Amino acid sequence: MSALSERPANPVVGQEIPHEAASLHVTGEALYTDDLAVRTHGILHAHPVQAPHAHARITRLDPSPALEVPGVVRVLTAEDVPGVNDAGVKHDEPLFPSEVMFFGHAVCWVLGETLEAARLGSLAVEVDYEPLPSLVTVHEAIEAGSFQGGQPHMERGDIEAGFAGAAHVYSGEFEFAGQEHFYLETHCSIALVDENGQIFVQSSTQHPTETQDIVAHVLGLPSHAVTVQCLRMGGGFGGKEMQPHGYAAIAALGSTLTGRPVRLRLNRTQDMTMSGKRHGFHAQWRVAFDDTGRLQALDATLTSDGGWSLDLSEPVLARALCHIDNAYWIPNVRVNGRIAKTHKTSQTAFRGFGGPQGMLVIEDILGRCAPQLGIDPIELRSRNFYVDGQSTPYGQPVRHPERVAICWEQVLTTGDVATRKADIAAYNASHEHSKRALAMTPVKFGISFNFTSFNQAGALVHVYKDGSVLITHGGTEMGQGLHTKMLQVAATTLGVPLSTVRLAPTRTDKVPNTSATAASSGADLNGGAVKDACEQIIERLRAVAAGRLGVHPADVRFSDGHVGKVGGGATVPWADLVNQAYFQRIQLWAAGFYRTEGLHWDSSAMHGSPFKYFSYGVAASEVEVDEFTGAYRLRQVDIVHDVGDSLSPLVDIGQVEGAFVQGAGWLTLEDLRWDESDRPSRGRLATQAASTYKLPSFSEMPEVFNVALLERAHEDGAVYGSKAVGEPPLMLAFSVREALREAAAAFGPAGTSVDLASPATPEAVFWAVQEARGGAEPPHMTAMVEGAPGVVPDQPGADAAPLRPRSEQAAQPARAGT
């Protein structure tokens with residue numbers, strides 16, 4: 001067992017404690033960035049001027065009428081930028097554009113004494129546009145050859161031999177939607193400048209260092225002139241990893257020019273129309289099975305809808321390719337990726353970061369093929385699980401693959417799956433107009449940033465003379481419980497009660513050069529850094545304690561606020577020892593650092609070991625579907641998830657539950673719609689409020705929801721034996737979508753295979769039921785075909801024939817063949 005993962009006796013980690021700010025959250029006392037505005041004297045408010053075109057050239061911009069509006073102080077334009085007019089790390093996102101790239105693109109910002117004054121001023125700004133042709137759908141982009149960024153290729157084995165020797169070959173295509181983050185707190189930044197010209201930005205950001213970098217280069221300043229603090233976020237989900245930087249830069253620019261604090265907070269409609277979302281994808285594929293149902297080959301092209309700029313689209317696509325195998329061994333694989341450039345918001349990180357999109361492709365394939373193969377989907381999936389000694393298509397050995405099988409068997413047993421499936425069969429036989437189904441799906445998700453350099457973290461730990469402890473680390477808190485875990489890690493390492501430790505907000509002048517709190521790596525990275533800093537202090541105190549107790553330093557023990565020796569005997573209170581160390585001039589603070597070991601990744605070859613470990617999980621979901629409306633109930637969900645030795649079980653169970661529900665929302669409810677017409681409103685986001693964009697609510701929660709953490713799952717080489725929990729459980733929701741597919745198919749004869757749109761809204765389920773009944777398919781679906789050459793090319797991708805728009809895609813019935 002490594003020193004990093006070994007736990008002492010009576011650790012604070014592993015205890016079931018509530019979120020450190022739970023009481024503040026539920027009483028409304030928790031402060032968020034925007035709450036600081038009322039505490040800031042003389043603050044100005046920023047409001048955008050948004051373009052009413054999906055794609056247009058700005059031919060004239062006259063801000064002078066806005067300055068006549070009472071309360072308007074200034075209008076910010078490109079001419080005001082002293083540094084670089086760009087808010088993206090790829091230098092493809094002008095902060096003040098000369099060319100509008102999506103409907104709602106901000107072309108300038110108005111500063112006012114009140115938000116209402118700034119809003120009225122934005123209406124007075126005069127802008128002339130020359131409309132340009134726009135690409136709104138991924139199909140239009142593919143037809144136009146509109147792509148951006150790299151086009152990764154991942155291959156293993158002999159793909160053609162895999163197909164040639166297979167007993168069954170299927171081909172098809174699949175398009176699925178993105179997802180709005182809909183964090184409770186919209187984007188917000190407050191900036192002010194002190195008497196020395198130092199810029200201080202309060203920002204709701206997952207990546208304070210990158211926010212610092214962007215603000216600095218927009219203002220033409222070195223990074224040391226900009227400090228960014230993130231107090232806490234009201235949700236992030238990846239949407240605040242890259243997207244906050246431009247808003248922070250606007251606030252900082254306004255403050256620099258006016259000498260007054262500036263607040264920029266988007267309302268919900270602005271946030272939804274201006275900020276990026278989860279990438280929608282289009283997939284073309286061929287798959288081969290042997291006569292026992294084992295996967296032999298997969299050939300696919302994944303096209304993501306990147307929107308107007310790159311943002312994080314390249315690493316999102318790379319992770320999608322790396323997760324197209326999910327938990328399944330596929331000996332021969334060829335996958336191509338490309339990023340469509342469309343005139344929509346620049347799509348960005350979202351919980352799972354491409355992993356869900358890649359995994360959804362293989363789960364959809366297995367769900368569609370199982371009836372054609374005559375194999376129960378539960379058996380088909382388990383038959384293809386990784387086993388020890390096998391590697392991923394990108395060359396990383398799969399460690400602990402048996403954990404998928406253990407989770408699978410535990411769900412089968414604790415969920416009484418066999419009995420319930422028999423009950424479902426009896427129910428379906430006696431109910432003509434409603435059907436039930438139960439589906440199980442696994443998760444194997446790699447933990448670490450694909451970009452190896454991001455796998456590092458820092459922390460600063462202060463021990464004061466009275467023994468109290470203050471920790472600061474590079475991670476940000478967005479409700480996920482990272483701060484709670486870091487308090488537990490510090491208390492465990494120092495051997496003090498949890499009440500002894502306090503945590504300060506994340507600031508770039510306390511811990512520099514931080515990585516984003518993302519990739520489910522927050523606890524792994526920052527926990528390692530906090531532990532390192534605490535261990536440095538402990539080693540210094542150990543020598544002081546050894547002298548006082550008359551023992552060798554190696555025999556000193558720190559536990560529960562007391563310092564003693566091996567074998568028991570007299571102890572010294574922690575606070576007394578710390579005070580003694582101060583008078584002996586012993587350093588009582590330390591900067592900790594952690595880097596993830598054992599990673600290597602060649603992005604050009606899509607090969608290596610980019611992940612520290614894999615997280616595993618299994619879910620079983622039971623649904624009931626109504627024939628006439630497609631409406632459904634989620635009757636029961638059973639989950640077993642691998643979080644290693646949990647740092648904080650209550651937090652981890654909450655993360656599993658929340659991620660599952662968010663995943664179910666993406667797959668069954670949340671239907672992003674843009675205006676695809678040729679009207680002037682083309683490219684406008686139609687679902688731009690909670691009234692038109694349906695989110696999961698209490699009514700969509702499972703009627704029975706059982707969540708268990710896998711036991712005896714210690715992860716060597718990770719902080720106190722724990723594993724990440726933020727993203728992997730989201731993909732457990734595939735079981736809901738697959739259950740809906742099987743319930744819809746149950747309206748048809750045995751062996752019926754149906755296509756199911758994603759999101760599988762009641763409308764989509766209704767159409768799947770009609771397909772099972774033998775009726776017409778909805779116009780946007782394309783059927784899977786077995787052994788039919790020409791449906792997709794032998795090498796999906798660049799040589800593929802142009803895709804037709806959804807409305808023209810002909811549905812083809814599945815037919816037998818090899």
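A: Buried area is the accessible area, taken with a 1.4 Å probe, that two parts lose on being put together, summed over both. The structure is a predicted model, in which local features need pLDDT of at least 70 and side-chain atom pairs count only at pLDDT 80 or more, while totals for chains, interfaces and linings use all residues. Residues are numbered from 1 along each chain as its sequence is written, and side-chain values use heavy atoms, with hydrogens and water left out.

Domain 1 comprises 22-30 + 456-595, and domain 2 comprises 36-133 + 181-274; such bounds come from an automatic or database domain assignment. The centres of the two domains, taken over C-alpha atoms, are separated by 37 Å. Between them, domain 1 and domain 2 bury about 1400 Å², of which 53% is on carbon and sulfur atoms. Of the area that domain 1 buries against domain 2, 35% is supplied by Met-478, Arg-507 and Thr-508, more than by any other three residues.

In terms of contact (heavy atoms within 4.5 Å), 19 residues of domain 1 meet 19 residues of domain 2. Seven residue pairs, both members at pLDDT 80 or more, are in polar contact across this interface. A polar contact is a pair of N or O atoms within 3.5 Å; within protein, one must be able to donate a hydrogen and the other to accept it, and residues adjacent in sequence count only if both atoms are side-chain atoms. On the side of domain 1 that touches domain 2, α1 (22-27) and β21 (506-507) are the elements that give two or more residues. Helices (H or I, at least four residues) and strands (E, at least two) are DSSP runs, numbered from the N terminus. The residues of that side of domain 1 divide into seven nonpolar, nine polar and three charged. Here Ala, Val, Leu, Ile, Met, Phe, Trp, Tyr, Cys and Pro count as nonpolar, Asp, Glu, Lys and Arg as charged, and the others, Gly among them, as polar.

The count of salt bridges between domain 1 and domain 2 is zero, whereas the count by this rule comes to 50 salt bridges. The rule requires a side-chain nitrogen of Lys or Arg within 4 Å of a carboxyl oxygen of Asp or Glu.

Thr-59 is situated in strand β2 (residues 56-62). Leaving aside residues up to four places away in sequence, Thr-59 touches Asp-128, Tyr-129 and Glu-130.

Two backbone features remain to be described. Phe-237, in the loop between β12 (226-230) and α7 (244-258), has a positive phi of about 60° although it is not a glycine. Ser-758 and Pro-759 are joined by a cis peptide bond with omega about 15°, and Pro-759 lies in the loop between α18 (734-745) and α19 (762-773).
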